[in-house]
Amino acid sequence: MIAAVPSTPRHICRLTTSSIPQRRATGFSPACRSPGSAVISWHGSAPPQTRSPSARPGSAEGDDVTAILPQHQHKPTGNANDAVPVVSIEDVKVHFPVARRSTLRAIDGVSLQVFEGEVLGIIGESGSGKSTLGRAIVALQKVTAGRILCDGVDLGRLRGKALRERRRGYQIVFQDPDGALNPRLTILQSVREPIDIERQGTQDERNHRAMACLDQVGLGPDFANRYPHQLSGGQKQRVIIARVLTMRPRVVVCDEAVAALDVSIQAEIINLFAGLQQKLGLTYVFISHDLNIVAHLSSRIAVMYLGVVVELAPVEDLLSKPLHPYTLSLLQSRPDPVPASMRTTQRETLKGEIPSALAPPSGCRFRTRCPRAEKICEDEVPAWDNPEPGRWVACHFAGDHRTKEFS
Ligand SMILES: Nc1ncnc2c1ncn2[C@@H]1O[C@H](COP(=O)(O)OP(=O)(O)O)[C@@H](O)[C@H]1O
Ligand code: SF4
Ligand SMILES: [Mg+2]
């Protein structure tokens, strides 16, 4: 698979509250000292780029999808032939046996590669299988078929100590920090817990490492003896990130890691993730249902629908020239400040609910909601095509919707 990989340092600009569409009206009230201000800045002399949609032939005209492009436009999108994947997901299926001998196909044949130092975004509606895939990557979920290689090793085949040692390098941050923090432990104890369990080094060394990790996420020594109930939501998520850092991971899966936070705090945590990537060379799999958030961090985005990946592309291409009708629907379903009556172009928003993974539609899984569907879509599963370098899509009419329905 050809894929886009950051091969040069990424130019990251500071994400501000106003960069994220306001879902909730909140004031900006930094809950704690942010290390982002120290570590996130322009590197090099290149200024932020902006691009008009009309400047790009074939873009979804009039629909300013580039408005949600990240301000940093320096994510390399070149050929990754010489890149070695850190994570290689090979035709993975995760099926859950459910009542009445039925099978729920949460993941149904996904192949993806994640390359060193990149941020692979995964988007899709609720129920599309994002979390199941994220858990499978860090070996918290067994796969039914296929395999996931982490630095060439199939964690699913390891047991006991070998699994524990290997798994350290592949960590996950979930949405809900409350559920992940023991209310009876102090912040220092919580951060230290993973290395305590593994009995790494002396007590002093563990304390030292935990304090250093707290510092990296912007929480000073005065937080060490507090309890979770004395922290804000953003601060708790910082504690979770510090915990993960104690394991010195190579890959961090962020599963809706900012979804539960106020919009101003979301920006802080996203800046923190970006800063840590710069400092520590981390690789992220960034899972979210919110395309705007994924776009700010990712170099490539995989779009999931009902257990399969329907499109994979460098972020700029995906936002400005989506090839799959589902991707276009996601783009056009995002909140728009312009009232429908004042819009000059038609927006095809996503209608209906995602079908049950117990009985996915035949042929193309998106056909029951696709405005472009034809008979072949019911009869034949669309092939996973590579129409342009670095781009992959599964649709019998990939790209046609841009001229047919939305011009
Ligand atoms: N442990 C489980 N047992 C049965 N079904 C599950 C389990 N975990 C997830 N699912 C189902 O798998 C599908 C994908 O879920 P999930 O991966 O959580 O999607 P997403 O994160 O995209 O919302 C859903 O239909 C969900 O109900
Ligand atoms: S294959 Fe057919 S139903 Fe599926 S996305 Fe493409 S046009 Fe729509
Ligand atoms: Mg989920």
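Author: A residue is taken as near a molecule or strand if its C-beta atom, placed from the backbone, lies within 6 Å of it. Please keep in mind that this is a predicted model, in which local features need pLDDT of at least 70 and side-chain atom pairs count only at pLDDT 80 or more, while totals for chains, interfaces and linings use all residues. Residues are numbered from 1 along each chain as its sequence is written, and chains are lettered from A and ligands numbered from 1 in the order in which they are written.

Helices (H or I, at least four residues) and strands (E, at least two) are DSSP runs, numbered from the N terminus.

Strand 1 and strand 2 pair in the antiparallel sense over 11 bridges, where two strands pair if DSSP finds at least two bridges between them. Within strand 2, Val-114 stands opposite Val-87. The hairpin of strand 1 and strand 2 has three residues between the strands, and Arg-100 there takes a positive phi near 55°.

An open sheet of four strands, with antiparallel pairing, has the order 2-1-4-5. Its edge strands are strand 2 and strand 5 (153–154), each of which pairs on one side only. Strand 1 also pairs with strand 4 (residues 145–150), in the antiparallel sense and over five bridges. Ile-148 in strand 4 is the bridge partner of Ile-89. Helix 2 packs on this sheet, touching strand 1, strand 2 and strand 4, and its direction makes about 60° with that of strand 2. For contacts such as these, two residues must have their C-beta atoms, placed from the backbone, within 7 Å. Axes are lines fitted to C-alpha atoms, for helices over the stretch in contact, and angles run from 0 to 180 degrees between N-to-C directions.

Ligand 2 has its own shell. Of the 13 residues around ligand 2, Cys-364, Arg-367, Cys-370, Cys-377 and Cys-395 come nearest. By class, nine residues of the shell around ligand 2 are nonpolar, two are polar and two are charged.

Further out, there is an open sheet of eight strands with mixed pairing, in the order 6-7-8-3-9-10-12-11. Strand 6 (170–173) and strand 11 (385–388) stand at the edges with a single partner strand each, so one side of each is left without a neighbour in the sheet. On average, neighbouring strands of this sheet are turned by 20° against each other, direction ignored. Strand 9 (residues 300–305) pairs with strand 10 (residues 308–314) in the antiparallel sense over six bridges. In strand 10, Val-309 stands opposite Met-304.

Helix 5 (residues 187–197) packs with helix 6 (residues 203–216) at an angle of about 125°, their axes 9 Å apart. That makes helix 5 oblique to helix 6, because angles under 35 degrees count as roughly parallel, over 145 as roughly antiparallel, 65 to 115 as roughly perpendicular and the rest as oblique. Among the residues that meet here are Leu-188 and Val-191 in helix 5, and Ala-210 and Leu-214 in helix 6. This contact has six nonpolar, one polar and four charged residues.

Helix 5 also packs with helix 7 (residues 233–245), at an angle of about 35° and with axes 7 Å apart. Residues making that contact include Val-191 and Pro-194 of helix 5 and Val-239 and Ala-242 of helix 7. By class, five are nonpolar, one is polar and two are charged. The axes of helix 7 and helix 8 (residues 263–280) come within 10 Å and cross at roughly 20°. Helix 7 and helix 8 are therefore roughly parallel to each other.

Key
Ala, Val, Leu, Ile, Met, Phe, Trp, Tyr, Cys and Pro count as nonpolar, Asp, Glu, Lys and Arg as charged, and the others, Gly among them, as polar.
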